[in-house]
Amino acid sequence: MSNKEKFITDLNSKYNPKGDHIILGKGMLDGEIVTDVNVSIPLKTVNRHGLIAGATGTGKTKTLQVFVEQLSHAGIPTLVMDIKGDLSGIAESGTENDNIKERYSKTGLPYSPQNFPVELMTISGAKGVKLRATVLEFGPILLSKILGLNDTQQSIMSIVFKYCDDKALPLVDLNDLKKVLQYVTDNPIGKKELADDYGSIAPASLGAILRSIVAMEQQGATAFFGEPSFDVEDLLQTRDGKGVVNIFRVDDIQSKPNLFSTFILSLFAEIYMTFPEEGDSGKPKLVLFIDEAHLLFKEASKTLLSQIETMVKLIRSKGIGIYFITQIPGDVPENILSQLGLKIQHALRGFTGKDKKEIDKAVENYPTTEFYNASELIQNLGIGEAFVTALNEKGIPTPLVHTYLISPESRMDILTSSEIDDLTRNSDLVRKYEENIDKESAYEILNKRIEEHTQTVIPTPTRGRTAQPKEEAGMFETVLKSSAGRTFTNTLMREGARAILGMFGLGRRKR
Ligand SMILES: Nc1ncnc2c1ncn2[C@@H]1O[C@H](COP(=O)(O)OP(=O)(O)OP(=O)(O)O)[C@@H](O)[C@H]1O
Ligand SMILES: [Mg+2]
């Protein structure tokens, strides 16, 4: 048997999923494309996470595009963190050019240019579905993280959240939180309530928290907090059998890595809490892709990193796959890297000693191969070629295969601004989240309370003592009956789930 025949037999016996699968490309041996070898990934193990790595310009983003398209064909929706803003073209059909023609003729696969259903999403003012969360959903710990608070300030933040919970003050947007902080700092009743139940807190610390919120508002974080908060179930759309590609445009996040990692973590947590356990469904429910993933880990604190690590581990059982796209595998922390089942490794360049070490480390982590000199070939892989190793349906790593990737069927270039206008104008989801609802929340309730108090207490101080508890009971009922109150109850339940998770919890009374 020739080496090529052995390669075909060997690879085909390992890359032969019985169930549903997607094809990323064809195997290569000695620089030649072997059309008899399909590099196929079973859908069953797509929730076992993965990595797409490689030097700049080697084809990572295009591989991501191909992957997302194939999942869409299989009816699986995706969420793509598009940091450089270069994936919107998925919404339009590709056009055949010489490059693509050549690529497809080499693979022997048919090229059928087509577009895919896309939703654009944003947390800034850009066009698209507005992703929002309430301050309460975000929780005191994550919020402290993005505000850069120290440990003392973080525990004060947790107390303030607890106080709002006890006093039925829904924290929806940043105005609510600012108002509460002012109330417990400056208002005699607020001050007393806080001190009676939780001990006295230095006004200087409260002032520092308030200032950090104002600073964050100046960075444009206001748009993110509010209602309606984004329902992660809306990420699960399919259209005409194709999974919707949700493209989250985070072009402006590069300068705020801390905000980015906190946001991603809150998204993981929300997905984890919302979706039921999937069992062994045979295919993933949703797949997340994080391009430029080094930003996620760059400035993350140890706690944040270990929380991300835990979430990556837990979220798998919900049928969610997470894929990190970055230049070198070493950008991803060891504990997360070791959880990744699929690895698509584009070329690495060994210019410096450090580069060479990274190459050795990457190669060490791949299955040994008799068909390639991996540490040499890894530096010479062509654009749109990669080393691939996946997990077969039994969860066993498949052999390393030099893969010639197919090309995207959708446009490899971005959308024009008028195409973006059309796309967002026709989206039901954009409409659903367009309006910012300002329901009655802590801000309005406290304003009312301060007003009522000056009316009842000041003219006849003796009545104040009896009037106050009554007034509070009345208010509690009003809050619960109002729609904001219902949301508040819901978010309490979610916070409860977070507490159970032991990640963001406040040690809730109600379980
Ligand atoms: N599968 C492919 N089919 C056709 N062309 C490809 C493919 N992969 C890469 N290319 C070509 O290579 C170029 C660079 O690819 P891509 O943008 O995916 O690189 P990258 O690794 O994401 O780079 P960066 O690190 O700069 O983001 C593409 O613009 C395209 O022309
Ligand atoms: Mg890229």
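This is a predicted model: local features need pLDDT of at least 70, side-chain atom pairs count only at pLDDT 80 or more; totals for chains, interfaces and linings use all residues.

Reader: Fine. Where does Lys127 sit, then?
Author: In the loop between strand S5 (118-122) and S6.

Reader: What does Lys127 touch?
Author: Leu120, Ile420, Asp421 and Thr424, leaving out residues up to four places away in sequence. Arg249 is 122 residues from Lys127 in sequence, yet the C-alpha to C-alpha distance is 9.3 Å.

Reader: Zoom out. How many helices and strands are in the chain?
Author: The chain has 20 helices and 14 strands. There are 511 residues, and 44% of them are buried.

Reader: And the contacts?
Author: Take contacts between residues at least 6 apart in sequence: 77% of those join residues at least 24 apart.

Reader: What's the strand order in the open sheet?
Author: The sheet has 12 strands with mixed pairing, ordered S2-S1-S14-S13-S12-S3-S11-S10-S4-S9-S5-S6. Strand S2 (32-42) and strand S6 (129-130) are at the edges; each has a single partner strand, so one side of each has no neighbour in the sheet.

Reader: How many bridges join S1 to S2?
Author: Eight, and strand S1 (residues 21-29) runs antiparallel to S2.

Reader: Now S12. Which strands pair with S12?
Author: Strand S3 (residues 50-53) pairs with S12 in the parallel sense, over four bridges. Gly50 has Leu342 in S12 as its bridge partner. Strand S13 (residues 385-389) runs antiparallel to S12, with three bridges joining them. Ile344 is bridged to Val388 in S13.

Reader: Which way do the residues of S12 point?
Author: Leu342 and Ile344 point one way from S12, and Lys343 and Gln345 the other way. All of these are buried.

Reader: Why does Gln345 count as buried?
Author: Because Gln345 has 26 C-beta neighbours inside 10 Å, and the cut-off is 20 or more.

Reader: What does Gln345 touch?
Author: Ala53, Gly54, Ala362, Ile378, Ala386 and Phe387, again not counting residues up to four places away in sequence.

Reader: Next, a helix. Which residues of H12 are buried?
Author: Leu304, Gln307, Ile308, Met311 and Ile315 are buried in H12. They cover an arc of only 100° around the axis, which puts them on the same side of H12.

Reader: What span should H12 have?
Author: Helix H12 (residues 302-315) has 14 residues, so at 1.5 Å a residue the span should be 20 Å. The end C-alpha atoms are 20 Å apart, which agrees.

Reader: Last topic, the ligand. How many residues surround ligand 1?
Author: Ligand 1 is surrounded by 16 residues, the closest being Gly59, Thr61, Lys62, Gly384 and Ser407.

Reader: Which helices supply at least two residues of that shell?
Author: Helix H2 (60-73) and helix H3 (98-107). H2 gives the largest share, four residues.

Reader: How does the shell divide into nonpolar, polar and charged?
Author: Four residues are nonpolar, nine polar and three charged.

Note on methods. Residues are numbered from 1 along each chain as its sequence is written. Chains are lettered from A and ligands numbered from 1 in the order in which they are written. A residue is near a molecule or strand if its C-beta atom, placed from the backbone, lies within 6 Å of it. Ala, Val, Leu, Ile, Met, Phe, Trp, Tyr, Cys and Pro count as nonpolar, Asp, Glu, Lys and Arg as charged, and the others, Gly among them, as polar. A residue is buried if 20 or more other C-beta atoms lie within 10 Å of its own, exposed if 12 or fewer, and partly exposed in between; C-beta atoms are placed from the backbone. Two residues are in contact if their C-beta atoms, placed from the backbone, lie within 7 Å. The expected span of a helix is 1.5 Å times one less than its number of residues. The arc is that of the directions from the helix axis to the C-beta atoms. Two strands pair if DSSP finds at least two bridges between them.
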